[in-house]
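Subject: Structure for you to look through

Dear colleague,

I am passing on the structure we spoke about, and I would ask you to keep it open while you read the notes below.

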Amino acid sequence: MKNIKLLLSACVMMLLVSVSCENSTKETATVTITPDLTYWDLQGPVKHCNNVEFDRQGTMVSIGDYNPFAIDQAYRDLDGDEGFVEYAKWERDEEGRVASITGVEGMSELTWSDGRVVSASGFEEGTVWRNDYEYDAEGHLVKLSEYIGGFEDEEDELPLWSITEYSYLDFDSHGNWIRRAVKVTLADMENTEDYEETRSIEYYE
């Protein structure tokens, strides 16, 4: 719906592992956990998740064809089909966690608690929005509540736009989900949309 919200949701905005998010990588016998892996709802020696690449230390190094932490400001470029691709600028906080994503016409800020992103808020193209995330006892994202309003609205009073619920169908040998069911209910409509999400994960050997 919005470019920045799509970036936040790309592998989708899911975030499952309850950890302390420090700059250093935490390793056990088989599990690697870092703030970047946690942001993308991953653990272990992940090399690629769809179009997101990580180094061996679990640090995100690129989305598609660019490093979002390495650019000075957001920009757009032609995509070859008479359209544009937006390259957002990402920034970290002092603990190494993803803190903000700035696009050409908007930005978002993330709030972390207990090792997970619990909310994100921002503005774009004349609207303001907030996402709230809820997790189950195992740390899996189970509910996303989206609120959207105008600049005249207070953040706490933004009208509910939709509720998305997640249930997990398949996990790989590293404990990362690779298939889940999604149910979206719009606040002003009785009907719902149901579909499945999958992702492809490649690991370092």
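The strands β14 and β15 (residues 177–186) pair in the antiparallel sense over 9 bridges, where two strands count as paired if DSSP finds at least two bridges between them, and where strands (E, at least two residues) and helices (H or I, at least four) are DSSP runs numbered from the N terminus. Before going further, please note that this is a predicted model, in which local features need pLDDT of at least 70 and side-chain atom pairs count only at pLDDT 80 or more, while totals for chains, interfaces and linings use all residues. Residues are numbered from 1 along each chain as its sequence is written, and side-chain values use heavy atoms, with hydrogens and water left out.

**Strands**

Elsewhere, 4 strands form an open sheet in the order β5-β4-β3-β17, with antiparallel pairing. Its edge strands are β5 (60–63) and β17 (201–203), each of which pairs on one side only. Neighbouring strands of this sheet are turned by 15° against each other on average, direction ignored; for such angles, the axes are lines fitted to C-alpha atoms (for helices over the stretch in contact), and the angles run from 0 to 180 degrees between N-to-C directions. Inside the sheet, β3 (residues 46–49) and β4 (residues 52–54) pair over 2 bridges in the antiparallel sense, and His48 stands opposite Glu53 in β4.

**Aromatic rings**

A pair of aromatic rings is described by the distance of the centres and the angle of the planes. Rings of Phe, Tyr and Trp (its six-membered ring) pair if their centres lie within 6.5 Å, and planes under 30 degrees apart count as stacked, over 60 as edge-to-face and the rest as tilted. By this rule the count comes to 8 aromatic pairs. One of them joins Tyr39 and Trp40 edge-to-face, at 5.1 Å centre to centre and with 85° between the planes. The rings of Tyr39 and Trp90 are also edge-to-face, because their centres are 5.5 Å apart and their planes stand at 75°. As Tyr39 lies in helix α2 (residues 35–39) and Trp90 in strand β8, this pair ties together parts that are 51 residues apart in sequence.

Are Tyr39 and Trp90 buried or exposed? Both are buried, which means under 20% relative accessible area, whereas exposed means over 50% and partly exposed in between (1.4 Å probe, protein chains only). Tyr39, Trp40, Phe69 and Trp90 form one aromatic cluster. Arg92 lies over the face of Phe69, at 3.7 Å from the ring centre, a charge being counted over a ring if NZ of Lys or CZ of Arg is within 6 Å of the ring centre and within 35 degrees of the ring normal.

**Charged side chains**

Side chains of opposite charge can pair when their charged atoms come close. The structure holds 10 salt bridges, each being a side-chain nitrogen of Lys or Arg within 4 Å of a carboxyl oxygen of Asp or Glu. In one of them, the side chains of Arg76 and Glu86 meet at 3.2 Å, N to O, and this pair links distant parts of the chain, with Arg76 in strand β6 (residues 75–78) and Glu86 in strand β7 (residues 84–87), 10 residues apart. Arg76 is partly exposed, at 35% relative accessible area, whereas Glu86 is buried, at 16%. Arg76, Glu86 and Glu105 are linked in a network of salt bridges.

Another salt bridge joins Glu197 and Arg180, with the closest N and O atoms 2.8 Å apart. Because Glu197 lies in strand β16 (residues 192–198) and Arg180 in strand β15, the pair ties together parts that are 17 residues apart in sequence. Glu197 is buried, with a relative accessible area of 15%, and Arg180 is buried as well, with 0%.

With kind regards
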